[in-house]
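The points are grouped by topic for reference alongside the coordinates.

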Amino acid sequence: MNALHRMERFLDQHMIPFDLVAHPHTQTSTETAHAAGVPPDRVAKGVLLEGAGCQIVAMIPANQEVHLGKLAQDTGMEVSLADEATVRRLFSDCEPGVVPGLPNAWGVEIVWDDALMEQPDVYLEAGDHERLLHIETRFLSEVFENAPHCHFSQARMQHLQA
């Protein structure tokens, strides 16, 4: 089964209404937001984290990054960023480089940032570089199956070029 079908089935089983939004091919979630004509704080990107023998996906706005210290402080989870090989292994039916917007459809745990609740709706990666699943925010706790959440993202750091 491909990634999109897995996520569509998951949403249907949970009776969550959604729309599919196509966009030109992109490589990053901020590019995706721009290509889809969506503000980047309404695109939820997944960041795969590892710690103590487990993996968890942090769902944050596309214009943010995970603050690992804040996440550890608020949840007690000591984690680090996972490598691309782990992403490919866990989400093998997704295109390379994509962490799907519904990792729990693969049985992978989630923690999500409260900033996502500030939006009327969110857009989730659909398993490839050309489609998003559009869902009203009021369904997020059901979509994420009551996973833990707190505010642990921060504005992306601007890295200086030498």
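A residue counts as exposed when its relative accessible area is over 50%, as buried when that area is under 20%, and as partly exposed in between. By this criterion Ala52, at 85% relative accessibility, is exposed. The model is a predicted one. Its chain contains five helices and ten strands, and 48% of its 162 residues count as buried.

**Overall dimensions**

- Along the principal axes, the C-alpha atoms occupy a box of roughly 35 × 35 × 30 Å.
- Among contacts in the chain with a separation of 6 or more, 67% are made by residues 24 or more positions apart.

**Strand pairing around E8**

- Strand E8 (residues 131–136) pairs with strand E1 (residues 19–22) in the antiparallel sense, over four bridges. Within this pairing, Asp19 has His134 of E8 as its bridge partner.
- Strand E7 (residues 121–125) also pairs with E8 in the antiparallel sense, over five bridges. Here Glu125 stands opposite Leu132 of E8.
- The hairpin of E7 and E8 has five residues between the strands, and Gly127 in this hairpin adopts a positive phi near 100 degrees.

**Nonpolar cores**

- In soluble globular proteins, nonpolar side chains tend to be buried together.
- The largest nonpolar core comprises 33 residues, of which Met59, Leu102, Leu124, Val143 and Phe144 touch the most other members.
- At least two residues of this core come from each of helix H1 (3–13), strand E2 (43–51), strand E3 (54–61), strand E6 (109–113), E7, E8 and helix H5 (140–143). H1 provides the largest share, with five residues.
- Beyond its neighbours within four places in sequence, Phe144 contacts Met59, Gly101, Leu102, Asn104, Ile110, Trp112, Leu116 and Leu124.
- A second, separate core holds eleven residues, including Ile56, Ile60, Val111 and Phe152.

**Helix H2 and its buried face**

- Ser29, Thr32 and Ala33 are buried in helix H2 (residues 29–36). Viewed down the helix axis, the buried residues of H2 fall within an arc of 100 degrees, and therefore line one face of the helix.
- The packing partners of these buried residues are E2, E7 and E8.
- Thr32 has a relative accessible area of 3% and is thus classed as buried. Leaving aside neighbours within four places in sequence, Thr32 is in contact with His23, Thr26, Glu125 and Leu132.
- Gly37, which follows H2, has a positive phi near 70 degrees.

**Lys70 in helix H3**

- Lys70 is located in helix H3 (residues 68–75) and is partly exposed, with a relative accessible area of 29%.
- Not counting residues up to four places away in sequence, Lys70 touches His151 and Phe152. Phe152 is also one of the members of the second core.
- Lys70 and Phe144 are 74 residues apart along the chain, and their C-alpha atoms are separated by 20 Å.

**Cysteines**

- The structure contains zero disulfides.
- The cysteine sulfur closest to that of Cys54 belongs to Cys150 and lies 15 Å away, which is too far for a bond because a disulfide requires sulfur atoms within 2.5 Å.
- Cys94 is likewise in no disulfide, its nearest cysteine sulfur being that of Cys54 at 20 Å.
- Cys54 is partly exposed, with a relative accessible area of 39%, whereas Cys94 is buried, with 9% relative accessibility.

**Positive phi outside glycine**

- Met15, in the loop between H1 and E1, has a positive phi near 55 degrees although it is not a glycine. At 71% relative accessibility, Met15 is exposed.
- Ala52, in the loop between E2 and E3, is another residue other than glycine with a positive phi, here near 40 degrees. Its relative accessibility of 85% places Ala52 in the exposed class.

Key:
Residues numbered from 1 in each chain as written. Predicted model: local features only at pLDDT ≥ 70, side-chain atom pairs only at ≥ 80, totals over all residues. Heavy atoms only, no water. Pairing = 2+ DSSP bridges. Buried < 20%, exposed > 50% of the residue type's maximum accessible area, 1.4 Å probe, protein only. Core = buried A, V, L, I, M, F, W, Y, C linked by side-chain atoms within 4.5 Å. Contact = heavy atoms within 4.5 Å. Arc of directions from axis to C-beta.
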